[in-house]
Amino acid sequence: MTEAEILHWIRETSLGATVRQSRWLFATGETLHFIGLSLMVGSLLIVDLRLLGFIRKISIRSALKFLPFAIIGFLINLATGILFFAADPHMYWPNPAFKLKMALILLAGLNALVFTVAEQRHVLTLGDDESTGSFTKATAGLSLGLWLFVLLLGRLLPAFEGSTSFF
Amino acid sequence: MEFLTWLEQTELSLWLRESDWGHPIVLCFHAVGMGIVVGVSLMFSARVLGYSKDFPLAAFDKLFAIAWYGFAMNAVSGVLLYVGEPRRLLLTPAFFIKMILIVLAGLSVWVLTKALHGMESSPAAVGAGHRAEVVTTGAKIAAVFPILLWIGAIIAGRLIGYTIPPPPPP
């Protein structure tokens, strides 16, 4: 299948058709996307700011307990994002803001994976007032920075509708 | 109304309404501020409702200090969004509902901090070497309101885009 055929096929799925025909599905999806975004920001602020040392004297375990909210927020936004995409794949796919957003989400996911595999077990052994290593701080800073750009690109996405490059 | 018609013709209003980037950039700030304010508030409510009990409530002081920057960002970007469409926004009830819900949400967070104020550390918990804090049932009830009101404000905000009529004639 060519790219055009795949996009056409996605558009013609029952999901795509349902979203386009429904008066409220897209708006409800957007609202949920905002709630999911807020859950991610709140959770990641707690986790990453503790790892960065901006908030201290807190057990890292108790800060990391807030991570499931970020995962729930991400899953809400993944599901609603698929819904948006299915409704109008031809708008999203060539959109440079969409492409960069997806690439940054993958990077942010990879960054989270690196932290989980290489760092999480070690930081959980640290005391309440102990500082994390510079590698952990780098992953925490990257996490905040990448997700901030993901948010901004999402909001800018409609402004790039119809363009195929940023410049 | 005359003032609003004047406001609508200012350079700033025109730029916010008609330039390529004015509106999207302001919306970006508005979304980041929302994420910070609502996100911190939701985590605070979750903590008061019993989530991650070892996480000290006092740690939210610093998080709320950041949330205030988020709120300031949204106050400024919100005023700018209004300046872009000063008469048109008054034509949808969703706008008024959103403003009321934001005021109520802010008040509910303040009430929640008051409900927690004067709360004492449980001697048993301290004796056991824990730093778990005792949260009253009243505070837990108070913690539900910010969740509902912020979600309501987000819904109303989204509805503005769907219920706003075409621009009124000049």
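This is a predicted model: local features need pLDDT of at least 70, side-chain atom pairs count only at pLDDT 80 or more; totals for chains, interfaces and linings use all residues.
At the interface, 34 residues of chain A are in contact with 33 residues of chain B. The two chains bury about 3,000 Å² between them, and carbon and sulfur atoms give 80% of that area. Of the area that chain A buries against chain B, 18% is supplied by A:Ser38, A:Phe66 and A:Arg155, which is more than any other three residues supply.

Between chain A and chain B the count is one salt bridge, in which the side chains of B:Arg158 and A:Glu30 meet at 2.7 Å, N to O. Five residue pairs are found in polar contact across this interface, with both residues at pLDDT 80 or more. On the side of chain A that touches chain B, at least two residues each come from helix H3 (25–52), helix H4 (60–64), helix H5 (67–87) and helix H8 (134–156) of chain A, and H3(A) gives the most, with 15 residues.

The second largest pocket holds about 590 Å³ of space and is lined by 23 residues, of which B:Phe44, B:Phe64, B:Val109, B:Trp110 and B:Thr113 lie nearest its centre. The elements that give two or more residues to this lining are helix H3 (22–48), helix H4 (60–84) and helix H5 (93–116) of chain B, and H5(B) gives the most, with seven residues.

The table sets out both residue groups by class.

Terms used
Residues are numbered from 1 along each chain as its sequence is written. Chains are lettered from A and ligands numbered from 1 in the order in which they are written. Side-chain values use heavy atoms; hydrogens and water are left out. On a 1 Å grid over the protein atoms alone, a cavity is a set of points where a 1.4 Å probe fits but cannot get out, and a pocket is an open set with protein on both sides within 12 Å along at least five of seven lines; lining residues have an atom within 4 Å of a point. Grid points are joined across faces, edges and corners, and a volume is the space filled by probe spheres set on the points. Helices (H or I, at least four residues) and strands (E, at least two) are DSSP runs, numbered from the N terminus. Contact means heavy atoms within 4.5 Å. Buried area is the accessible area (1.4 Å probe) that two parts lose on being put together, summed over both. A salt bridge is a side-chain nitrogen of Lys or Arg within 4 Å of a carboxyl oxygen of Asp or Glu. A polar contact is a pair of N or O atoms within 3.5 Å; within protein, one must be able to donate a hydrogen and the other to accept it, and residues adjacent in sequence count only if both atoms are side-chain atoms.
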